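Please keep the sequence beside you while reading.

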Amino acid sequence: MASDINSRDLTQTYRVAGDMFGTLFREIGKVVVGQNDTVEQIIIAILCNGHALVESNPGLGKTLTISTISKSMDLNFSRIQCTPDLMPADITGTHFIEETGGSKHFKFEPGPLFANIVLADEINRASPKTQSALLEAMQEKQITVGNDTFLLEQPFFILATQNPIEMEGTFPLPEAQLDRFLLKILVDYPSYEDEIEIVNRYTRSIMPSVGKVVNKNTLLDLQRLTRDVPIADDIKSRVIKIVMTTRIRSEFIEYGASPRASIGLILAAKARALIKGRNYVSNEDIEAMAYPVLRHRIILSFESERKGITTDQVIRNILEKIK
């Protein structure tokens, strides 16, 4: 009986998913100008129950975007400004001694990781010790403090940012931690028209606001629906061939992507199909999501760097080869 109820609930969610996503993007667009691909990819990562790494220059609205998305989904939001002196206890929380009625006992005070959406700003400025605490939260969806383990409330999503133009005093993320991010999203400067709208919108006395569109339970249903989107065997086979091609050492590739990339690309393509209102995965979904899924999982050779070949160019060549 319980499974029948869940099935009916998902059916109803599926029926209204198209209108729900349309309303969601419109509400977010009231606050965030442009950056449609960025917003879409962040929502795709959330639907896949994954995490995203955003790379961009300062001042392009990363904090505004993720806080707006959290408000539109009625999720708890917290922000961590990563610095070299940031300690694991600063983000996970810590035990302290509380005295009540003449007796003393330890009480746990949760840190900023106890939220549904966590923005880890400039994650590459955090020390490796703090990055490892983030890694446990990302992978295990739990936090260990001393001998105690605390499960994190679902949904749980980490959006980490890093600045590509300022590398002094940073701790580059190790490959194992990079692989835990489902997507690496690149944010570019806005167009002239978008920047005009940004100036007009944020120099008025009334600031734009966003309404709630999706609640936590609906989002959890959408995450389940994402995994149920069908994918044809030939498209699934193409995904495997694309990922395996990255592992073939060549003039431009030193190391390729792990099987986690195959899982991530199929899941991300399913989420994109759901957002686009389709009940199947197309090659268009695969090609659109191959870039954010693979760009942080491929290590380029010295020859690539010498010739100025980017990871996205390598991915484009692989997609053209594996038709």
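1. Asp121 has a relative accessible area of 10%, so Asp121 counts as buried. Buried means under 20% relative accessible area, exposed means over 50%, and partly exposed lies in between, with a 1.4 Å probe and protein chains only. Asp121 belongs to strand β5. Setting aside neighbours within four places in sequence, Asp121 is in contact with Thr63, Arg79, Ile80, Gln81, Cys82 and Thr161. Contact means heavy atoms within 4.5 Å.

2. A word on what is being read. This is a predicted model, in which local features need pLDDT of at least 70, side-chain atom pairs count only at pLDDT 80 or more, and totals for chains, interfaces and linings use all residues. Residues are numbered from 1 along each chain as its sequence is written, and side-chain values use heavy atoms, with hydrogens and water left out.

3. How does strand β5 pair with β2? Strand β5 (residues 117-121) and β2 run in the parallel sense and share five bridges. Two strands count as paired if DSSP finds at least two bridges between them. Ala120 in β5 is opposite Ile80.

4. Strand β1 (residues 52-55) is covered on both faces. Ala52 and Val54 are on one side, Leu53 and Glu55 are on the other, and all are buried. Strand β1 runs parallel to β8 (residues 157-162), joined by four bridges, with Glu55 opposite Gln162. Four bridges also join β1 to β9 (residues 183-186), again in parallel. There, Val54 has Ile185 as its bridge partner.

5. Is Met73 buried or exposed? Its relative accessible area is 2%, so Met73 is buried. Met73 sits in the loop between α3 (62-72) and β2. Beyond neighbours within four places in sequence, the contacts of Met73 are Leu24, Ile43, Ile46, Val214, Asn215, Lys216 and Leu219. Lys216 is 143 residues from Met73 along the chain, yet their C-alpha atoms are separated by 7.0 Å.

6. Thr245 is part of helix α9 (residues 233-245). Thr245 is buried because its relative accessibility is 14%. Apart from neighbours within four places in sequence, Thr245 is in contact with Ile318 and Ile322.

7. Now the whole chain. The protein chain has 13 helices and eleven strands. These are DSSP runs numbered from the N terminus: helices are H or I with at least four residues, and strands are E with at least two. Of its 323 residues, 48% count as buried. Among contacts between residues at least 6 apart in sequence, 77% join residues at least 24 apart.

8. Why does the radius of gyration agree with a compact globule? For 323 residues such a globule would have a value near 20 Å, and the protein chain has 21 Å, so the two agree. The radius is taken over C-alpha atoms, and the globule rule is 2.2 Å times the number of residues to the power 0.38. Along the principal axes, the C-alpha atoms fill a box of roughly 75 × 50 × 50 Å.
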